[in-house]
Amino acid sequence: MMNLGVAAMSDKDVNLKQIQRLVASQVLHSSESLCKLLQYLAKHALEHPHVPLKEYQLATEVFGRRSDFDPQSDSTIRVQAGRLRLKLAEYYSSEGAQDPVVVDLPKGTYILSFHQREAPNSKPRIEPSTDLNGGTRNQVPRGWIIAIATLSILLLLAMVSIGMIVSSRQGLPTAHAGNLEAPPLAFQMFWKPFIAGSDAPWLIFSNAAFVGRPETGMRYYSAARDAQDAIWDHYTGVGEVLAVHSLDEVFGLFHRQLRVKRGSLFSLDDAKNNDLIFLGSPSENLSLGEIPSTKEFVFQRVTAGARKGDLAIVNLHPQSGEAREFLASPASPLVEDYALIGLVPGLAPERSVLILAGTTTFGTQAAAEYVSRQNSVEDLLSRVTGSKTGSLTPFEAVIHIKVARGVPVEAELIAVRKR
């Protein structure tokens, strides 16, 4: 029997409904960038079928890249398309196995394709035939036997391929599955300390202590005046949340996992036994005060003047043309911020610590996004190692961030120190 609900809808409506189902799925809903890409590709495919899409168009209109984006040197779009293909395959092998419409992004193109599944009751009827004893038996035509055998082999191959993809996502350090592309070489060099080992690194996000009440107002906890007050230690910034998402996408390129932990649960055993990535400054990510940190650029509160009490990144040994202090803009809304990116040795010789911290939550977000983009990582590597693909050593760097409507829109590397 035909599904009257589907039959009453146009093909375009059915396909759009399938895109909505994909975006809301467990496989895709947590990846904002892939959902945005999927929706853009779907709109284009349905409104302009057979009209090709260019990487430049996707980069500028979907991912907000600047007009000087060069697809020859920046593989962001190809990488994101590869990830989308993987997610679609994962979806249709699990929760979407019975969906009426299959959405595919063929290799070598950015044009989505939509395929209607055959209704499950549309199988050809097999008529009974009489056997030698006068009874009846179901006789399957030889052609159908061959077809069923062929489909069984294809299904087996598909299951093996999907298993390989899932396995590679869970453990392999580089791309080995099917059509997936390897991460850019700059990413491989920058993130090598955190993907070389068998254990996933810990991502420690800022988790400051507050007193007060959410409904009446809260402030940072002060041991001198708040010793008797209840402490709220389960808040973090918007920038930290988005930073976790950016870093998870980067580690997805390597088919590696991140273990996420809030700062108040951090212990020195974590520092000794794991590679660590810290999100947020020591003023909010208090765990940073317990381990070796940066030596050239440090976070301090301003002690005098109009900005007294504000958090600054202090340049302990300014070079020619560099400021002594880096402070976010005082106006509200915030229009600029500064952030520290530092790779320092861990407590154990074989461990590494990466610090991504702004003077505000927007700076922290910008620092994480900076190390999640190929062009900015290449710029950083060039400044630290002299090459876009050089072998990375410990360093400290400061970036200047422009903020518009609460969103970091531009980041510039302004100071670098080698350890």
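Biologist: Is Pro292 buried, exposed or partly exposed?
Modeller: Pro292 counts as partly exposed, at 42% relative accessibility. Please keep in mind that this is a predicted model.
Biologist: Where is Pro292 found?
Modeller: Pro292 is in the loop between strand 9 (276-279) and strand 10 (297-301).
Biologist: And which residues does Pro292 touch, leaving out those up to four places away in sequence?
Modeller: Pro292 touches Val344 and Leu347.
Biologist: Is Glu240 buried or exposed?
Modeller: Glu240 has a relative accessible area of 1%. The cut-off for buried is under 20%, so Glu240 is buried.
Biologist: What is Glu240 in contact with, apart from its neighbours within four places in sequence?
Modeller: Glu240 is in contact with Ser206, Leu279, Gly280, Glu284, Thr361 and Thr364. With one of these, Thr361, there is a polar contact of 2.6 Å between the side chains.
Biologist: How far is the C-alpha atom of Glu240 from that of Thr360?
Modeller: The separation is 10.0 Å, and the two residues are 120 apart along the chain.
Biologist: Next, helix packing. What should I look at when two helices pack?
Modeller: Two packed helices are described by the angle between their axes and the distance between the axes.
Biologist: At what angle do helix 2 and helix 3 pack?
Modeller: Helix 2 and helix 3 (residues 32-47) pack at about 175°, with their axes 10 Å apart. Angles over 145 degrees count as roughly antiparallel, so helix 2 is roughly antiparallel to helix 3.
Biologist: Which residues make that contact between helix 2 and helix 3?
Modeller: Helix 2 contributes Lys12, Asn15, Leu16, Ile19, Leu22 and Val23, while helix 3 contributes Cys35, Leu38, Gln39, Ala42, Leu46 and Glu47. By class, eight of the residues in this contact are nonpolar, two are polar and two are charged.
Biologist: How do the axes of helix 2 and helix 5 cross?
Modeller: The axes of helix 2 (residues 11-23) and helix 5 (residues 76-92) come within 11 Å and cross at roughly 95°. Helix 2 is therefore roughly perpendicular to helix 5.
Biologist: Which residues meet there, between helix 2 and helix 5?
Modeller: Gln18, Arg21 and Leu22 of helix 2 meet Leu88, Tyr91 and Tyr92 of helix 5. This contact has four nonpolar residues, one polar and one charged. Leu22 of helix 2 meets helix 5 here, and Leu22 is also part of the contact with helix 3.
Biologist: What about helix 3 and helix 5; at what angle do their axes cross?
Modeller: The axes of helix 3 and helix 5 come within 10 Å and cross at roughly 90°. These two helices are therefore roughly perpendicular to each other. Ser33, Leu34, Leu37, Leu38 and Leu41 of helix 3 meet Gln80, Ala81, Arg83, Leu84 and Lys87 of helix 5. The residues divide into six nonpolar, two polar and two charged.
Biologist: Now backbone angles. What is phi for His50?
Modeller: Most residues other than glycine have a negative phi. His50 is not a glycine, yet it has a positive phi of about 70°. His50 lies in the loop between helix 3 and helix 4 (55-61) and is exposed, with a relative accessible area of 78%.
Biologist: And what is phi for Arg405?
Modeller: Phi of Arg405 is near 55°, again a positive value in a residue other than glycine. Arg405 is in the loop between strand 15 (395-404) and strand 16 (407-418). At a relative accessible area of 87%, Arg405 is exposed.
Biologist: Lastly, the whole chain. How many helices and strands has it?
Modeller: The protein chain has twelve helices and 16 strands. Of its 419 residues, 44% are buried.

Terms used: Residues numbered from 1 in each chain as written. Predicted model: local features only at pLDDT ≥ 70, side-chain atom pairs only at ≥ 80, totals over all residues. Heavy atoms only, no water. Helix = DSSP H or I, 4+ residues; strand = E, 2+ residues; numbered from the N terminus. Buried < 20%, exposed > 50% of the residue type's maximum accessible area, 1.4 Å probe, protein only. Contact = heavy atoms within 4.5 Å. Polar contact = N/O pair within 3.5 Å; in protein donor to acceptor, adjacent residues only side chain to side chain. Axes fitted to C-alpha atoms, helices over the stretch in contact; angles between N-to-C directions. Parallel < 35°, antiparallel > 145°, perpendicular 65-115°, else oblique. Nonpolar A, V, L, I, M, F, W, Y, C, P; charged D, E, K, R; others polar.
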